[in-house]
Amino acid sequence: MTPLTIYLLVATSLFCLGLLAVMTRKNAISVLMGIELILNSAALAFVAFGKYVVGNLDGQVAALFIIIVAAAEAAVALAIFLNLYRVKATTDLKQANMLKG
Amino acid sequence: MSLLSNLVFLGFIVLTVGSAIVVVFHSRVIYSAFALLFTLFGVAGLYVLLDADFLAASQVMVYVGGILILIIFGVFMTTKISGMEIPEITHQRFIALIPVGLMAFAISWVFISTDWQVQTFAAQPTTEAIGELLLTRYLVPFEMASVLLLAALIGAMRLARLFRGSDQQ
């Protein structure tokens, strides 16, 4: 097994664990952590391909943009969760069932 | 690769995947958040092994120093002091394991069975090259990322004050 395959398998397991967190967790912050795992797995796959197949820095720049988007997404998501907590006094996603709350 | 670097590689993989398992399966959110810290450090270590030094530094600074602190703040600000936690164990977990397991099997099978044209490239210092790429070939995505960050900054501040603002009206 080449190192590339090992990196890709690590990225696969991170992706599937993040997907499992998104599907099974009830707390909104846990779901956000699952999304971070998924984004990290994608970035890891980008960098691994960049080193072993492509051989230039395009994969690393893509991973850098993934980090930027993750930062923006986490900030906005946590602001939304704080609002949800002020309205509903919980971050249980089952309670987040109203519009224009 | 020498034996030592193989051991370091294996150690980072175990750290990353093991703490990711804790993130997903631990029943308390704050433990998950701290396990996510080790996952992100493990991914940063894998970046170092992939010759991506600048990316590893940004991973540690942005993810561990920014996003993770934000998540831990979020956990603290949305958990009651009395410790009433949302029960996290659901029966959906066992149902969800089936499609996720199928997906893991499918992706792994594709990755293992594909004949990748692996080459070895010499490791270069990346910081200067990435800076040059960001201002030449990736200039438009770079500017869009700055606009996105500005929009997220303003939007997050507006959202976080939204409830108080509408209360006064």
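**Walking through the A–B contact**

Let's start inside chain B: the buried residues of H1(B) are B:Phe9, B:Ile13, B:Thr16, B:Val17, B:Ser19, B:Ala20, B:Val23 and B:Val24. Keep in mind as we go that this is a predicted model. What do those buried residues pack against? Their partners come from both chains: H1 and H2 of chain A, together with helix H2 (29-49) and helix H4 (92-113) of chain B. The spacing in that list is worth a look. An α-helix has 3.6 residues a turn, so residues three or four places apart point the same way. As for the helix itself, H1 of chain B runs over residues 3-25, which makes 23 residues. From first C-alpha to last it reaches 33 Å, close to the 33 Å expected at 1.5 Å a residue.

Now step off the end of that helix. B:His26 sits in the loop between H1 and H2 of chain B. Because its relative accessibility is 27%, B:His26 counts as partly exposed. Leaving aside residues up to four places away in sequence, B:His26 touches A:Arg25, B:Tyr31 and B:Ser32. For a sense of scale, B:His26 and B:Ile95 are 69 residues apart in sequence but 18 Å apart in space, C-alpha to C-alpha.

A:Arg25 leads us on to the interface as a whole. The contact draws 71 residues from chain A and 80 residues from chain B. Between the two chains about 6800 Å² is buried, and carbon and sulfur atoms give 76% of that. Here A:Arg25 turns up again: along with A:Met33 and A:Ile67, it supplies 10% of the area that chain A buries against chain B, more than any other three residues.

Polar contacts are part of the picture too, with 11 residue pairs between chain A and chain B, counting those where both residues are at pLDDT 80 or more. Which helices build chain A's side? Helix H1 (3-24), helix H2 (28-54) and helix H3 (58-88) of chain A each supply at least two residues of the side that touches chain B. H3(A) gives the most, with 24 residues. Sort that side of chain A by class and you get 50 nonpolar, 13 polar and 8 charged residues.

What about salt bridges? Side chains of opposite charge can pair when their charged atoms come close. Searching the whole structure turns up 2 salt bridges over all chains, and the count across the interface of chain A and chain B is 2. One of them pairs A:Lys51 with B:Asp51, the closest N and O atoms being 2.8 Å apart. A:Lys51 lies in helix H2 of chain A and B:Asp51 in the loop between H2 and helix H3 (53-77) of chain B, so this pair joins two chains. Is A:Lys51 buried or exposed? With a relative accessible area of 18%, A:Lys51 is buried, while B:Asp51, at 26% relative accessibility, counts as partly exposed.

Another bridge crosses between chains from A:Asp58, in helix H3 of chain A, to B:Arg137, in the loop between helix H5 (127-135) and helix H6 (139-160) of chain B. These two side chains meet at 3.0 Å, N to O. B:Arg137 has 53% relative accessibility, so it counts as exposed.

Technical notes
Residues are numbered from 1 along each chain as its sequence is written. Chains are lettered from A and ligands numbered from 1 in the order in which they are written. This is a predicted model: local features need pLDDT of at least 70, side-chain atom pairs count only at pLDDT 80 or more; totals for chains, interfaces and linings use all residues. Side-chain values use heavy atoms; hydrogens and water are left out. Contact means heavy atoms within 4.5 Å. Buried area is the accessible area (1.4 Å probe) that two parts lose on being put together, summed over both. A salt bridge is a side-chain nitrogen of Lys or Arg within 4 Å of a carboxyl oxygen of Asp or Glu. A polar contact is a pair of N or O atoms within 3.5 Å; within protein, one must be able to donate a hydrogen and the other to accept it, and residues adjacent in sequence count only if both atoms are side-chain atoms. Helices (H or I, at least four residues) and strands (E, at least two) are DSSP runs, numbered from the N terminus. Ala, Val, Leu, Ile, Met, Phe, Trp, Tyr, Cys and Pro count as nonpolar, Asp, Glu, Lys and Arg as charged, and the others, Gly among them, as polar. The expected span of a helix is 1.5 Å times one less than its number of residues. Buried means under 20% relative accessible area, exposed over 50%, partly exposed in between (1.4 Å probe, protein chains only).
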